[in-house]
Amino acid sequence: MPEQRAPRPDTTRDTATQAKTATQTKTAPQTAVPSHTGTAVPVLRRISLLVTFILGSLTAIPPLAMDMYLPSLPEVTGALHAPAATVQLTLTACLAGMAFGQLVVGPMSDRWGRRRPLLAGLAVFIVATVLCALAPTVETLITFRLAQGLAGAAAIVIARAVVRDLYDGVAMARFFSTLMLISGVAPIVAPLIGGQILRVTEWRGVFVLLAVIGVVLAGVVWAKLPETLPAAERHGGGVGAALRSMRGLFADRAFAGYTLAGGFAFASLFAYVSASPFVIQEIYGASPQTFSLLFGINSVGLVLVGQINGKVLVGRVGLDRVLAVGLAVVAVAATALLLMSVGVFGEVGLVPVAAALFVLMSAMGITLPNTQALALMRTRHAAGSASALLGTTSFLIGAIASPLVGVAGEDTAVPMAVVQLAAALVAAACFVGMCRPWNRRASVEVAES
C-alpha cells in the first residue's frame with residue numbers, strides 16, 4: 001500500500017520545517033474527502049488498493065488505445081482499401097488528440113473538480129471508440145481516433161491530478177512508482193491482446209473490446225472514486241484564466257525545468273518505441289517473436305526499476321539525486337548504442353544492443369516518475385493545469401522525436417541512438433540549468449528515519 005499523504009508544503013516555510021512535516025505523515029489522522037454526492041465522507045489518508053488500481057487503469061488508457069491496435073494495421077489497410085501511410089495517420093490522430101486534450105481537460109478539472117470531467121471524458125471515449133469500430137472509411141476512422149484521443153486525455157491528466165490531491169512529497173513520488181507497476185503492464189499485454197483478438201474476429205473487434213474496457217472503468221470510477229478536489233480549492237474563470245494559470249506555471253523555472261526534462265526523457269523512450277521494431281528485426285535479423293520477447297523484457301525492467309524507486313530509493317535518497325542518476329544512465333546507454341551503431345566496437349550482434357536498450361528503458365523507471373513528482377510538488381492550487389502541461393509537453397516532444405529516427409533510411413540504427421542521446425542530454429541540461437538542484441535541499445526529497 002502507498003504511504004499516507006503528506007500535507008502540501010508551504011513554499012514560504014524553510015526546508016527544515018518541511019522535512020519535519022514530511023516525516024509526520026506516518027501518524028496523520030483521518031481527513032475528509034468530498035464524495036460524489038457532494039457530502040464530505042471521512043476516509044483514511046492511506047487510500048485503498050482499489051483506488052490505486054483505478055488510477056493505474058486510467059493511466060493505462062493511452063497504451064491500450066495505441067498498442068492494442070498495432071497488430072491490426074495491415075488488416076485495416078486491406079479492409080478499408082487505404083494506403084499504409086494513410087492508415088498510419090490513425091495512430092498520429094489518436095496521439096495528437098491525447099496531447100492537446102490534456103490542455104483542455106486539466107483546467108476543467110481545476111474548475112469543476114475531478115469526477116465530472118473524468119466521467120464525461122470516459123463517456124465520450126466510449127462513444128468515439130464504438131464509432132471507430134463502425135467506421136466505413138479510413139477518413140472517418142482518423143476523425144474518430146482523434147476524438148478518442150481527445151477524450152482519453154481525461155484519464156491521463158486527471159489521474160495525475162488526483163494523485164497530487166491525495167499526496168505530497170515523498171509519498172507522491174512513491175505513488176507514481178506504484179502507478180507505473182500497473183500502467184507499465186499495458187504496453188506488454190496490449191499488442192498480445194490485439195493479436196489474439198485478430199485470431200477470432202476482425203480489426204473492429206479491437207475497438208469493441210476497448211469500448212467494453214471504457215464502460216467497465218467508467219462504472220468503477222462512478223461507484224468507487226470520490227471527488228478529491230474540495231469546492232473551496234477550485235478555480236473559476238474560462239479559457240483566459242486557464243492560459244494565465246499555465247503561463248504562471250511555466251514562469252516557475254524549476255517547474256518548467258522538470259517538465260522539459262521529463263518531456264525529453266520521454267522522447268528517448270518514444271524513439272525506442274518507434275525505431276526498435278525496425279532495428280531489432282531488420283538490421284539484426286530477429287524474428288517478430290524475438291522482438292516481442294525483448295520488448296516485454298524491457299517493459300518489465302522499467303516496471304521493476306520503478307518499484308525499486310518507490311520502495312527503496314524514495315525516502316532514503318533525495319529525488320533530485322535519483323533523477324540525476326536516471327538521466328545519467330539514460331545518456332550512458334544512448335552513448336553506448338551510438339558507438340555500437342557507428343561501428344566503434346566493430347561488428348556487434350543483437351545481444352549488446354538489446355542490453356543497452358534494456359538499461360536505457362529500465363532507467364526510465366526512476367526518471368519519469370520523479371520528474372512528474374518534482375514538477376507537481378511545485379503546484380499547490382492548479383494540479384489539473386500542471387498535469388496537463390506535463391502530459392502535453394511529453395506527448396508533443398515525443399511525437400516530434402519519433403519521425404526523426406528514420407531520417408537516414410532503413411539500413412542504420414544511428415538515427416535512433418542520436419535522437420536518444422540528444423534527448424537525454426537536453427533533458428539533463430534542463431534539469432541542471434533550470435532546476436538548479438544544488439541550491440536547495442527539498443524537504444520532500446529526504447525522509448528522516
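Helices, here, are DSSP runs of H or I with at least four residues, numbered from the N terminus, and the expected span of a helix is 1.5 Å times one less than its number of residues. The model shown in these views is predicted, so that local features need pLDDT of at least 70 and side-chain atom pairs count only at pLDDT 80 or more, while totals for chains, interfaces and linings use all residues. Residues are numbered from 1 along each chain as its sequence is written, and side-chain values use heavy atoms, with hydrogens and water left out.

**View 1. Helix H10 and its buried residues.** Helix H10 covers residues 204-224, and its 21 residues reach 30 Å from the first C-alpha to the last, close to the 30 Å expected at 1.5 Å a residue. Buried residues (under 20% relative accessible area, where exposed means over 50% and partly exposed lies in between, with a 1.4 Å probe and protein chains only) in H10 include Gly205, Val206, Phe207, Leu210 and Ala211. Gly214, Leu217, Ala218 and Val221 of H10 are buried as well. In general, an α-helix has 3.6 residues a turn, so residues three or four places apart point the same way.

**View 2. The salt bridge between Arg204 and Glu202.** The structure holds three salt bridges, each being a side-chain nitrogen of Lys or Arg within 4 Å of a carboxyl oxygen of Asp or Glu. In this one, the side chains of Arg204 and Glu202 meet at 3.6 Å, N to O. Arg204 is partly exposed, with a relative accessible area of 21%, and Glu202 is also partly exposed, at 38%.

**View 3. The network of Asp110, Arg114 and Asp165.** Salt bridges that share partners join these three residues, Asp110, Arg114 and Asp165, into one network. The side chain of Arg114 meets that of Asp110 at 3.0 Å, N to O, and both Arg114 and Asp110 are buried. The side chain of Arg114 also meets that of Asp165, at 2.7 Å, N to O. This second pair links distant parts of the chain, since Arg114 sits in the loop between helix H5 (84-112) and helix H6 (115-134), whereas Asp165 belongs to helix H7 (residues 138-166), 51 residues apart. The relative accessible area is 3% for Arg114 and 2% for Asp165.

**View 4. A nonpolar patch on the surface.** Phe100, Leu146, Leu150 and Leu396 form this patch, with about 320 Å² of accessible area together. Such a patch is made of residues with over 30% relative accessible area and no salt bridge, nonpolar side chains (Val, Leu, Ile, Met, Phe, Trp, Tyr) being joined within 5 Å and like charges within 9 Å. Leu396 lies in helix H16 (residues 383-401) and is partly exposed, with a relative accessible area of 31%.

Key: Helices (H or I, at least four residues) and strands (E, at least two) are DSSP runs, numbered from the N terminus. Accessible areas come from the Shrake-Rupley method with a 1.4 Å probe; for residues, only the protein chains shown count as cover.
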